[in-house]
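Subject: Structure handover

Hi,

Here is the structure for you to take over. My notes on the sheets, the helix packing and the overall dimensions follow below it.

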Amino acid sequence: MSVVLFKELVTNNDKKIAIAELNSPKSLNALSLEMMTLLITQLTLWQDDDDVVLVILQGAGDKAFCAGGDVVSLYHALTEQRKTVQPNEEFVVLDETTIRDNLAYEFFTKEYYLDQFIHEYSKPVMVWGDGYVIGGGIGLFSGASHRVVTEKTLLAMPEITIGLYPDVGASWFLNKTPSNIGLFLGLTGAIFNAADAKYIGLADALVNSTDQQAIIDRLITVQWQDNEKNPALLSEVLTEFSANSETELASNVKSNEALISRLTAYNNCADIHHAIINEEFDDKWLQSAQKKLKNGSPLSAALIYQQLTSSKDFTLAECFASELNLSLRCCQYPEFSEGVRALLVDKDKSPNWRYENINNVPEETVDWFFTPFTS
């Protein structure tokens, strides 16, 4: 069975609705290199097909659209490289040539190409963001023209827990949130719900999870026209179902916006880090966010702050270019591999981070991560 299932539905006026379904429910549809390759090929074909008026992305099963990228495969590929280069060393920084020959280079290059392709797609793209939409899943989700969430949607960019940083275009969409909420979500890896996603501009329609088939049935009856009018036609249908939605969710980020703004008002990462760690929260959502930052990689925190700060005025293409460079640097450096090992491979949840405290992270180390990847 293919890891992505493709089908086309014929509408009442003989147009086509194209559906791509991530088909790895046991892994919560974790985004693999094979998935990306299939999606890029098929999305290109659908973009060139004049009969296709709408593309829908969804995930198999009822637990997740996509709960992140397949970083475990990257871990194994990078670990093998380190054993080959310096088998007796615990801390090995790989050279650029080695990374270019590694799975990681193709993985991140293809992932960001796919994400940007969705952002710039010439036809409406609706993503059914039901269940978990995490990490690489948000990369697919965020660029769609119509981002649909439900009462079951849970989103997060939790890369700080694995020694990475929010990528997949997060430099673009986290920087567009109000009151430094994007920075807070990136530093803490906090899980947020559908109401939060709508509030910060990361989702367009909140509907009932049970309405998925009804929405598709309704879309088949639409009198689809040319591409310029079709986004509005899709929006009208989603508005109908949003209006009938019984979902009533409270937004954690909205209710804590003033506090988040205060905690992130400093002009350096260390002060923001300490402000969040040292605050006494009564709110359980904030307590959970605080714990993730406390247990996460201090080096990642420094990288997250620097990436989001430096990319505020970037174009979309510049965001993805800068993220590719930073991700390749993260693959060179052992922190990312150690984080994946501790959380997802050995699952001991005891990562041996390079630096124990945000104050110990050298500026020159952070600067190295942002030097151009050249060879």
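**The six-stranded sheet**

Six strands form an open sheet with mixed pairing, in the order E1-E2-E3-E5-E7-E10. Its edges are E1 and strand E10 (205-207). Each of these has a single partner strand, so one side of each is left without a neighbour in the sheet. On average, neighbouring strands of this sheet are turned by 20° against each other, direction ignored. Please keep in mind throughout that this is a predicted model.

Start at the E1 end. Strand E1 (residues 4-10) pairs with strand E2 (residues 16-22) in the antiparallel sense, over seven bridges. Within that pairing, Phe-6 has Ala-20 in E2 as its bridge partner.

Helix H1 (residues 33-47) lies across E1, E2 and strand E3 (52-59). H1 runs at about 20° to E1.

Now the E10 end. Strand E7 (residues 146-150) and E10 run parallel and are joined by three bridges. Thr-150 has its bridge partner in E10, namely Val-207.

**The four-stranded sheet**

There is also an open sheet of four strands, again with mixed pairing. The order is E4-E6-E8-E9. Strand E4 (64-66) and strand E9 (192-193) are the edges here. Each has a single partner strand, so one side of each lacks a neighbour in the sheet. Strand E6 (residues 132-134) and strand E8 (residues 154-156) pair in the parallel sense, over three bridges. Opposite Ile-134 stands Ala-156 in E8.

**Helix packing**

Two packed helices are described by the angle between their axes and the distance between the axes. Here are two pairs in those terms.

First, helix H4 (residues 103-119) with helix H16 (residues 316-332). Their axes come within 10 Å and cross at roughly 160°. Angles over 145 degrees count as roughly antiparallel, so that is how H4 sits relative to H16. The crossing of H4 and H16 is right-handed. On the H4 side, the contact is made by Ala-104, Tyr-105, Phe-108, Thr-109, Tyr-112, Asp-115, Gln-116 and His-119. H16 brings in Leu-316, Ala-317, Phe-320, Glu-323, Leu-324, Ser-327, Leu-328 and Cys-331. By class, the residues of this contact are 10 nonpolar, four polar and two charged.

Next, helix H13 (residues 269-278) with helix H14 (residues 284-295). These axes come within 9 Å and cross at roughly 130°. That makes H13 oblique to H14. The crossing of H13 and H14 is left-handed. His-273, Ile-276, Ile-277 and Asn-278 are the H13 residues in the contact. They meet Gln-290, Leu-293 and Lys-294 in H14. This contact of H13 with H14 has three nonpolar, three polar and one charged residues.

**Overall dimensions**

The protein has 18 helices and 10 strands. Its C-alpha trace spans about 65 × 50 × 35 Å along the principal axes. How does the radius of gyration of the protein fit with that of a compact globule? With 375 residues, a compact globule would have a value near 21 Å. The protein has 21 Å, which agrees.

Best wishes

Conventions:
Residues numbered from 1 in each chain as written. Predicted model: local features only at pLDDT ≥ 70, side-chain atom pairs only at ≥ 80, totals over all residues. Heavy atoms only, no water. Axes fitted to C-alpha atoms, helices over the stretch in contact; angles between N-to-C directions. Helix = DSSP H or I, 4+ residues; strand = E, 2+ residues; numbered from the N terminus. Parallel < 35°, antiparallel > 145°, perpendicular 65-115°, else oblique. Left-handed = near helix turned anticlockwise from the far one by under 90°. Contact = heavy atoms within 4.5 Å. Nonpolar A, V, L, I, M, F, W, Y, C, P; charged D, E, K, R; others polar. Pairing = 2+ DSSP bridges. Rg over C-alpha atoms; globule rule 2.2 N^0.38 Å.
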